[in-house]
Amino acid sequence: MLKTFIIMLMAVSAGTIGDILLAKGMKEMGDISAMNLRGILNVAIQALTTPKLIIGTAMLAIFFFLWLAVLSWEDLSVALPMQALNYVLVAFLSQWFLGETVSPLRWTGTILVCVGVMLITKSGAQ
């Protein structure tokens with residue numbers, strides 16, 4: 001179980017960092033929902049050379065391969081809830097790195113998710 005926890009912590013960290021970098025990179029590029037097809041294609045080409053998006057994508061790839069490793073030895077019903085730890089990291093990093101406001105209600109929900117993850121993880125050790 002310790003091996004699963006350590007690898008999942010690494011995976012969730014990589015995935016969260018990847019998500020934060022992708023969000024930051026795309027916000028810097030602007031809202032693509034208001035663009036025409038040509039604008040979207042220009043952004044897509046620009047995205048291929050933007051360091052935040054490249055590193056973010058690489059971090060998500062690291063998450064993916066660590067996740068595959070965990071799935072090779074752990075029950076999905078134990079491993080999948082551990083991914084919910086991503087919510088905690090996203091809340092902290094979004095507030096700190098992206099300048100987002102995380103409401104008390106969202107923090108309460110995040111804490112409840114953590115409690116649920118602990119209960120599920122503890123049940124997998126039996």
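Student: Which backbone oxygen lies 2.7 Å from a polar atom of the side chain of S94?

Tutor: The backbone oxygen of V90. A polar contact is a pair of N or O atoms within 3.5 Å; within protein, one must be able to donate a hydrogen and the other to accept it, and residues adjacent in sequence count only if both atoms are side-chain atoms. One thing to keep in mind: this is a predicted model, where local features need pLDDT of at least 70, side-chain atom pairs count only at pLDDT 80 or more, and totals for chains, interfaces and linings use all residues. Residues are numbered from 1 along each chain as its sequence is written, and side-chain values use heavy atoms, with hydrogens and water left out.

Student: Ok! Where does S94 lie?

Tutor: In helix 5, residues 85-97. Helices (H or I, at least four residues) and strands (E, at least two) are DSSP runs, numbered from the N terminus.

Student: And is S94 buried or exposed?

Tutor: S94 counts as buried because its relative accessibility is 6%. Buried means under 20% relative accessible area, exposed over 50%, and partly exposed in between (1.4 Å probe, protein chains only).

Student: What is S94 in contact with, leaving aside neighbours within four places in sequence?

Tutor: I20, G99 and E100, where contact means heavy atoms within 4.5 Å.

Student: Which other residues of helix 5 are buried?

Tutor: N86, V88 and A91 are buried along with S94. A91 is buried because its relative accessible area is 7%. Leaving aside neighbours within four places in sequence, A91 is in contact with V102, W107 and T110.

Student: How far does helix 5 reach?

Tutor: Its 13 residues reach 18 Å from the first C-alpha to the last, close to the 18 Å expected at 1.5 Å a residue. The expected span is 1.5 Å times one less than the number of residues.

Student: New topic: what's in the largest nonpolar core?

Tutor: It has 11 residues: I7, M8, A11, V12, F63, L66, W67, V70, V78, A79 and M82. Helix 1 (2-29), helix 3 (51-73) and helix 4 (76-82) each supply at least two residues of this core. A nonpolar core is a set of buried Ala, Val, Leu, Ile, Met, Phe, Trp, Tyr and Cys residues joined through side-chain atoms within 4.5 Å. As for I7, leaving aside neighbours within four places in sequence, I7 is in contact with L66, V70 and W73.

Student: How many aromatic pairs does the structure hold?

Tutor: Four. One of them is F63 and W67, which is stacked, at 6.5 Å centre to centre and 10 degrees between the planes. Rings of Phe, Tyr and Trp (its six-membered ring) pair if their centres lie within 6.5 Å; planes under 30 degrees apart count as stacked, over 60 as edge-to-face and the rest as tilted.

Student: Where do F63 and W67 both lie?

Tutor: In helix 3, four residues apart, about one turn of the helix. F63 counts as buried because its relative accessibility is 18%, and W67 counts as buried at 11%. F64 and F65 form an edge-to-face pair, with 5.2 Å centre to centre and 75 degrees between the planes.

Student: Is F65 buried or exposed?

Tutor: F65 counts as exposed, at 56% relative accessibility, and F64 is partly exposed at 42%.
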